[in-house]
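Here are my notes on this model, point by point. Please read them with the structure open.

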Amino acid sequence: MPAEDSYEDLESGYEGVGEFYDLFADNSDIPFFLEYARKTGAPVLDLAAGTGRVSYALAAEGFDVVALEQSPSMLSAAKMKHQSAPEDIAKRVELVEGNMKDFSLERKFPLILVPNSFGHLLTRNAQLSMLRCVKDHLRDDGIFILDLYPGEHQYERASFEDSPVVLPDGRKVTRSGNITSDFDRKIMRVELRFAVEDSKGTVIDEINVVSGAALIFNQEADLLIQESSFQIVDEFGDFEKNSFTLDSGRRIFILKK
Ligand SMILES: C[S@@+](CC[C@H](N)C(=O)[O-])C[C@H]1O[C@@H](n2cnc3c(N)ncnc32)[C@H](O)[C@@H]1O
């Protein structure tokens, strides 16, 4: 187990990652978010939007999106996407630098998402503050999709290495990582390494980042929702819309005010 202080200061963890993030992303959530956007209409608020992975997929289907993100590296990857997207898609996405636990956009949305990211709010206060901001920005008939990884199913310790990805310019990127969970403090430390090789196999860049994620157990998720007085419209255990059970690796809430 890492020393106590190795869990401190875990909030950032994406600097330098923006260029490579999408290469290893699982996009199986996108059809799910699109289905809800078709039901609710736009504009969609995508919180902790990262590189705009979900935002630009929604924009490509005609939805206006506000993408809020705090990491300069992820935002700069989103800006690159903006520049290379066809004009009719790019003009539908508004990129906003901001913190999801404390933001004020002075408009309301029929659909708010926080794909893969709520756990980065490490304290209960931060989580409740974010949920208050979401409520303030949600239309009265709006939907908020909160996707979580139940703490019950997280590894105490795990290491992984993804299959390398070769970029169009010949560089090869490998992502590997170590995960350590502190179940007493309900926090997970995620160390990621991106190794970039040139076409001859020489490592030309190496990015190491550390981030934290709250371990949110099912009972705590229930309490958070109760305390923030959202109503549960539906609940799924994956993005294929199978019912949530205590064995589900994901917990996806469809919430309204
Ligand atoms: C796992 S990535 C997910 C990115 C994107 N939602 C996606 O699914 O592709 C988590 C993102 O949350 C962002 N993030 C973490 N804490 C944040 C906060 N308090 N406010 C805004 N963004 C935050 C990180 O910078 C990172 O881009």
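1. Domain bounds here come from an automatic or database domain assignment. Keep in mind that the model is predicted. Domain 1 covers 18-151 + 216-256, and domain 2 covers 152-214.

2. How far apart are the centres of domain 1 and domain 2? Taken over C-alpha atoms, the separation is 23 Å. The contact between them uses 14 residues from domain 1 and 14 residues from domain 2. On the side of domain 1 that touches domain 2, nine residues are nonpolar and five are polar. No charged residue is found on that side of domain 1.

3. The largest nonpolar core has 60 residues. Val44, Leu47, Leu58, Ile112, Leu113 and Phe144 touch the most other members. Strand β5 (residues 138-148) gives the largest share of this core, six residues. Both domains take part: at least three residues come from each of domain 1 and domain 2. In soluble globular proteins, nonpolar side chains tend to be buried together.

4. Take leucine 47 next. Which residues does leucine 47 contact, leaving aside its neighbours within four places in sequence? They are Leu68, Met100, Ile112, Leu113, Val114 and Ser117.

5. Helix α3 spans residues 53-60. Why call helix α3 largely enclosed by the rest of the structure? Because seven of its eight residues are buried. The buried residues of α3 are Arg53, Val54, Ser55, Tyr56, Ala57, Leu58 and Ala59. Glycine 62 follows α3, and its phi is positive, near 100 degrees.

6. On to the ligand. The ligand is surrounded by 18 residues. The closest are Ala48, Gly50, Arg53, Ser71 and Pro115. Arg53 is also among the buried residues of α3. How does the shell around the ligand divide by residue type? Eight residues are nonpolar, seven are polar and three are charged.

7. Last, serine 84. Serine 84 lies in helix α4 (residues 72-84). Is serine 84 buried or exposed? Serine 84 is exposed, because 9 other C-beta atoms lie within 10 Å, and the cut-off for exposed is 12 or fewer. Serine 84 and serine 117 are 33 residues apart in sequence. In space, they are 25 Å apart, C-alpha to C-alpha. Serine 117 is one of the contacts of leucine 47.

Methods: Residues are numbered from 1 along each chain as its sequence is written. This is a predicted model: local features need pLDDT of at least 70, side-chain atom pairs count only at pLDDT 80 or more; totals for chains, interfaces and linings use all residues. Helices (H or I, at least four residues) and strands (E, at least two) are DSSP runs, numbered from the N terminus. A residue is buried if 20 or more other C-beta atoms lie within 10 Å of its own, exposed if 12 or fewer, and partly exposed in between; C-beta atoms are placed from the backbone. A residue is near a molecule or strand if its C-beta atom, placed from the backbone, lies within 6 Å of it. Ala, Val, Leu, Ile, Met, Phe, Trp, Tyr, Cys and Pro count as nonpolar, Asp, Glu, Lys and Arg as charged, and the others, Gly among them, as polar. Two residues are in contact if their C-beta atoms, placed from the backbone, lie within 7 Å. A nonpolar core is a set of buried Ala, Val, Leu, Ile, Met, Phe, Trp, Tyr and Cys residues joined through C-beta atoms within 7 Å.
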